[in-house]
Amino acid sequence: MRPFIILLAGLFLANTALAEPVGSPIPVGIAVGQTTNVALFGEEQVNGAKVAEKLLNEKGGVGGTPIRLAFQDTGGDEAGAINAFQNLISRDKVVAIIGPTLSQQAFAANPIANQAKVPVVGPSNTAKGIAQIGEYVSRISAPMTLVAPNALKRALKLNPNVKNVAVVYAQDDAFNVSETGIFQEAIKGMGLNIATIQKTSVKDTDFTTQVTAILGAGVDMVVMSCLAADGGNMVKQLRQLGYEGLIVGGNGFNSPNMYPVCGQECTGVIVAQAYSPKADNAENKAFSAAFKDMFKKDPAQFSAQAYTSVKVVVDALNEVEKSSGKKIAEMDTAELRTALNAAIVSSSYDTPLGEIVLDADGEITQKTFYVSQIKVADDGKTGTMELLPE
Amino acid sequence: MFLENYGFLIVAIVQQALLGMSLWYPLMAGQLSLASIGFYSLGGYIAAIMGTSPAFAAWREALGPALYPVEWLIALAASALLGLAVGIPALRLRGIYLALATIAFVQVLNVVVLVLDVTGGAVGLFGIPQPFESRLGYLWFFGPLLAVMLIFSARLTRTVAGRSFMAIREDELAAQAMGIPTTFEKVRAFVIGCGLAGVVGAMSAPFLNTWNARQSSFDASVACLAYVLIGGARSVWGPLLGAALLVALPEVLRPLKDARLIMNGIVLVVACIYLPQGIAGLLASLRRREAA
């Protein structure tokens, strides 16, 4: 009996919050989907985070102490995200978590971190209500409220005679459903007529029904909220069946994966972007150069957003170190997490996305968005997105 | 420390075992159905809507924590009724056709859920009220249900109903010749599974904090079937053993990083080849060898 009591007492002591110092290097958690069908985005996020680790540590990390990224795969489901968060919080003892990839996963896992008082920065969650999950949750991925109307305005500049518009969206994808809402409001706000609304699925490959309906409606602009693979295929089929008007794609089109899917037919498609590798600011130039150096290609939006998340955490850590006058590595983990969260919100940051501001809720305001036009190269597999002039 | 890190995982094993069990009953009557995940989704939506919709604010106010059992009962009733409606026509089909029909049913349900407003479309519902502080607390939901279902299953194998199920599994024609109303018994086994899946869904919505159409993916259907087959379709303990292995393995292998899913796959292939009766079958044969 006695050894049992001692064991219990030992467990109890081990369990109570003994002051645990953060240690060096400072652990920052990355919980994104590195497997399943989300991996397409997750890989880009991992790459962006790795560039951030290298670049920010070279710049001195946090007052000379380097950071170390701890990666935990969330897979594509809600349970995986919760497991990854638990591991980062209690095993890796990270100061903050960047993730998860999908909004639905965020609704499942973020309350866990919020309860454990660990700051979460969402790199790619755009659904309504993410930042409102709790005090410790913020995000750097803006909903498309500003950029969608902008993209439409640029399109009208290319063809001022547009009257009738067709709207297409992937109804099984959370991001596209919320984006199309913004597009539709903007279209009505500009006094244009929505002639038809077509729903698709991100798993579809054949769009004959939808394309026929659009051609029958006699529209001169198609506004699409789809992802790269399905959207690319639909653009291809629209063009092949003879549609000649403007095509405006949402942020789902902002991916180099578009080019090989629809080849030359993509040329001329207007894309609303939360990030462009061509963005003209010092942070982005340093980031895209380092990214190209490491991965031999332009960074995608998910990479830039992952980089931005790490930068937000590192900037806030520096801020905590400066204002408290204590070395982060020697601070107690729980105490630091709270101080760090307070520093993350209500601040502004210079990032590859341009200047961003997080309000007291942790909700982002992004100052600059980009509208580009796709230009596919002669090989039909590669291409660029050329920024449209203001 | 251990419980803090693995609390969610332990409860997830029990939860998935119960889902596996909901396929186990139709399998006991020889019916390969993949519909459970649809009823799981339905139950989850019932709990999520009752937990978040303003229309149910008065209910939440009046019932307090008693809201949860009420959700389970409504989910049970709805799932059993829908199970009956789907089961009667579907169970005229056999083998692979029944499996296909049940997959189609889940797809239909998914499209309905994506189109409706009350289910939150593609984003789903979130901010579901929490009865417990920690994830481990949910053992109070799933644990007793598992105990009840294990006892029920063990008893079932000794009753007329259970024996009829097994007779149908072994030979439907012979069972019919002996006077067993085969369609009735098949529907009965199917509806038990549907009701259970519905209740598990209603318990799972608060457990996962959120509910959406992704909960009833085809992958999830297949995972449930795998619990039963790897665990052992002929044993009461099969779904629990299968879920324990399949849910825990990727988490226990986490330190292997990228190699973990490869290891996971290898274990599954080995289990399929060398354990035709599942883990339960292996344990039984070990016991027999010891006794001999």
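**Exercise 1.** Which residues of α10(B) are buried?

*Solution.* This is a predicted model, in which local features need pLDDT of at least 70, side-chain atom pairs count only at pLDDT 80 or more, and totals for chains, interfaces and linings use all residues. Residues are numbered from 1 along each chain as its sequence is written, while chains are lettered from A and ligands numbered from 1 in the order in which they are written.

Step 1. A residue is buried if 20 or more other C-beta atoms lie within 10 Å of its own, exposed if 12 or fewer, and partly exposed in between, with C-beta atoms placed from the backbone. Helices (H or I, at least four residues) and strands (E, at least two) are DSSP runs, numbered from the N terminus.

Step 2. The buried residues of α10(B) are B:Ala220, B:Ser221, B:Cys224, B:Leu225, B:Tyr227, B:Val228, B:Leu229, B:Ile230 and B:Gly231.

Step 3. Their cover includes α1, α2 (36-52), α5 (95-115), α11 (238-252), α12 (260-274) and α13 (278-291) of chain B.

**Exercise 2.** Describe the contact between chain B and chain A.

*Solution.* Step 1. Two residues are in contact if their C-beta atoms, placed from the backbone, lie within 7 Å.

Step 1. Chain B contributes 21 residues and chain A contributes 24 residues. On the side of chain B that touches chain A, the largest share, five residues, comes from helix α1 (residues 2-28) of chain B.

Step 2. The predictor gives the complex an ipTM of 0.93 and a pTM of 0.92.

**Exercise 3.** State the order of the strands in the open sheet of chain A.

*Solution.* Step 1. Two strands pair if DSSP finds at least two bridges between them.

Step 1. The five strands run in the order β2-β1-β3-β4-β5 (chain A), with parallel pairing. The edge strands, β2 (67-71) and β5 (137-139) of chain A, each pair on one side only.

Step 2. Strand β3 (residues 97-98) and strand β4 (residues 120-122) of chain A pair in the parallel sense over two bridges. A:Ile98 stands opposite A:Val121 in β4(A).
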